Amino acid sequence: MIKVKQVLVFGFLIVFFLNSNRLNAQNKSLDDGVLRILAIGNSFSEDAIEQNLYELAKAGKKKIVIGNLYIGGAPLSLHVSNAKEDKPAYRYRKINLDGQMSEKANERLSEALIDEAWDYISFQQASPLSGDYDSYAKDLPPLYDYVTKHILFPETKYILHQTWAYQNGSSHEGFVRYNRSQDSMYRAIANTSHEVFNWGNFDLLIPSGTAVQNARSSFVGDNFTRDGYHLNLNYGRFVAACTWYEALFHENVLNNTFLPLKVTYVEGEIARAAAHKAVEFPYAVTVLKDFQLMN
């Protein structure tokens, strides 16, 4: 009898705790001056939003909370499986209003969705499939359906994160899908993201892929990754963060004063220009004519 009571009390406490989290999030208005974004992602969302985005927002006098549900290399199909089975499969990283990052292991998608009053939730495909339209058509609808049914506010908006093509010569096994051609991979990513965004389910496209490709047109060349596919830890990641900043806040990142410590002034100018042009023209490369080598 005592054991039964203990189980009942324990079950009550779990329900109370979950309901308290939901009520706490519901008490946070979406229109409270803080932009809250959650990425359902992988290492490419780690590259894009876990460094520099908070600092760019702070320099622009913006308040932001950044969440990233991380599983390295995760495709949409894995997120669908995790959602259906409510698996505690994620490393949930969050940057709070003060810029401090925390990490919670074994997080569930269902729990993260009610952790904050998210203004935006971002979806992205694993990099080898980022130019594969059929993979989106198969797995994005059930994941999108799950998310929309578990969020706290119907006003939450949705992002499609367009990721980047690999460096030429990359050893990534997924590069074979694109005949080991960066140009072919970029064009597939651009075309696929355009088609998927036009489904009408998304409010915002973040063209990190086009921004990186723009940056590669500068004198820095094809040197924006650290291993052939993940972004360079300094100026590479800064390109992606600048793209997110301008797309999220609708403010010209060229006017933002933040510069990471290990990024040179010129590298910063290239990153901002590449991001700005990508947001303006998200599906085509803009050559950065002001950043070419002099003959």
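This report describes the sheet and the nonpolar cores of a predicted model.

The model contains an open sheet of 7 strands with mixed pairing, and the strand order is 4-3-2-1-5-6-7. Strand 4 (101-107) and strand 7 (204-207) form the edges, each pairing on one side only. On average, neighbouring strands of this sheet are turned by 20° against each other, direction ignored.

Strand 1 (residues 34-41) and strand 2 (residues 63-70) run parallel and are joined by 8 bridges. Within this pair, Ala-39 of the chain stands opposite Asn-68 in strand 2.

## Helix on the sheet

Helix 8 (residues 208-216) packs on the sheet, where it touches strand 6 (157-162) and strand 7. The direction of helix 8 makes about 30° with that of strand 7. Strand 7 is also one of the two edge strands.

## Nonpolar cores

The largest nonpolar core has 55 residues. Ile-37, Leu-53, Ile-64, Trp-244 and Leu-248 have the most contacts inside this core. Helix 9 (residues 235-249) supplies 11 residues, the largest share of the core.

Leu-248 is in contact with Leu-35, Ile-37, Leu-53, Ile-64, Tyr-120, Ile-159, Leu-204 and Ile-206, leaving aside its neighbours within four places in sequence. Three of these partners, Ile-37, Leu-53 and Ile-64, are themselves among the residues with the most contacts inside the core.

Technical notes. Residues are numbered from 1 along each chain as its sequence is written. This is a predicted model: local features need pLDDT of at least 70, side-chain atom pairs count only at pLDDT 80 or more; totals for chains, interfaces and linings use all residues. Side-chain values use heavy atoms; hydrogens and water are left out. Two strands pair if DSSP finds at least two bridges between them. Helices (H or I, at least four residues) and strands (E, at least two) are DSSP runs, numbered from the N terminus. Axes are lines fitted to C-alpha atoms, for helices over the stretch in contact, and angles run from 0 to 180 degrees between N-to-C directions. Contact means heavy atoms within 4.5 Å. A nonpolar core is a set of buried Ala, Val, Leu, Ile, Met, Phe, Trp, Tyr and Cys residues joined through side-chain atoms within 4.5 Å. Buried means under 20% relative accessible area, exposed over 50%, partly exposed in between (1.4 Å probe, protein chains only).
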